[in-house]
Amino acid sequence: MNGKTVTELTDVLYPFGSAFSKTDWATLACFWHPAAESEEVANKPFGTVLLDIRVVVYRSGGKVSAALDICPHRGAQLSNGEMVDGNLQCPYHGLRYDGSGVCTRIPAQKPDAPIPSHMRLTTFDTVERFGIIWVNIMGAENQLAPLPDWSLLEENNTQSARVPTETWNVNAARHAENFNDISHLAFVHETTFGDVPYEVPDYSLEIEENTMRHYYVDGGSSMTFDRRLTRKGERRVPEVYDKVDYEYRFTFPFASSLHITDPDGRCVSIYDVIQPISVKKSRIFKHSARNYNQDQPMDDLVEFEVEVNKEDREVIEPALPVHVPLDPKEEYHIRADRWSIAYRRKLSKYGMGLDVDRVVPD
């Protein structure tokens, strides 16, 4: 970014008072994170917070741009401005910036007056894919992992739907662990998933440089693929399957997907990625997809996932410590936690977990 190193950018951008340790912040800033849904960035700028810094996302010159949400002139919040002739216009003094962050107009000066080269925004690399705008604060050249491979969402035989985003008071890593945890299903999701066996199957776990995958074959029912909530007075008798494939795919630091396939090849998939707003606040982006019932609306499936989110949220929001402990001695573990243990070890290898307070105050 602008020819600066990760260390130099960290010294400039690391926010005062952030509950992220400086090393954790610098590490996470090298990953791609969701910052907005594509539809949120249309004809006006969109403001959000990523890793405790304000970010403005806007469209200019046919592409999506992201920048520090601060006008370098007098510090106004650019996301409160508007788009004028394809340029982002500051709401305070009307300065305009193009998609590269270069100032193109200073209304208080004559049109032919030179504009200083340093009058430009601090910009961040962006990628738009899967209906999400992804931002890398440190730049693609410093990325620690690529975008997740969610290409199944783009296949012609797949029908997908966006689940409304939600902002939770939870650490992003806590939610990532929750999505990939198998042993909580019988206790947290009794309302949505129904009668799930307590005992966890002995799943296979594969760990690559920037990804993890765990999978198993177990029983399942037609309600898994029906994916709708039971209405009052409704009684459904599910068809039971002997062999259902459950495959979890994960890309660091916070992108997950689950693919459930029945013996006839029907597959329902859930995609989940987390925007780390701050240590204790995360925005959840989620998509559902299936390769069957292509002529049917997906409203029931989306409603089902909203209820699943509600069940998870009630459990993990109050969890302490706020940070996921990366020291294996700080929490007890069971065999079903093999994925979680591997996840924490990998975060440590990325350089996270140094100088972290166990409990972040409200």
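The model is predicted, with local features needing pLDDT of at least 70 and side-chain atom pairs counting only at pLDDT 80 or more, while totals for chains, interfaces and linings use all residues. Residues are numbered from 1 along each chain as its sequence is written, and side-chain values use heavy atoms, with hydrogens and water left out.

Now for the pockets (a pocket is an open set of points on a 1 Å grid over the protein atoms alone, where a 1.4 Å probe fits, with protein on both sides within 12 Å along at least five of seven lines; lining residues have an atom within 4 Å of a point). Volume here is the space filled by probe spheres set on the points, which are joined across faces, edges and corners. The largest pocket comes out at about 760 Å³. Its lining has 43 residues, and L185, F193, V196, T224 and Y246 sit closest to the centre. That lining splits into 22 nonpolar, 12 polar and nine charged residues.

The second largest pocket holds about 430 Å³. Of its 20 lining residues, R174, E177, N178, D181 and I316 lie nearest the centre. Helices (DSSP runs of H or I, at least four residues) are numbered from the N terminus; α3 (172–180), α7 (299–316) and α8 (338–349) each give two or more residues to this lining, and α3 gives the most, with four. By type, the lining has eight nonpolar, six polar and six charged residues.

Methods: Nonpolar A, V, L, I, M, F, W, Y, C, P; charged D, E, K, R; others polar.
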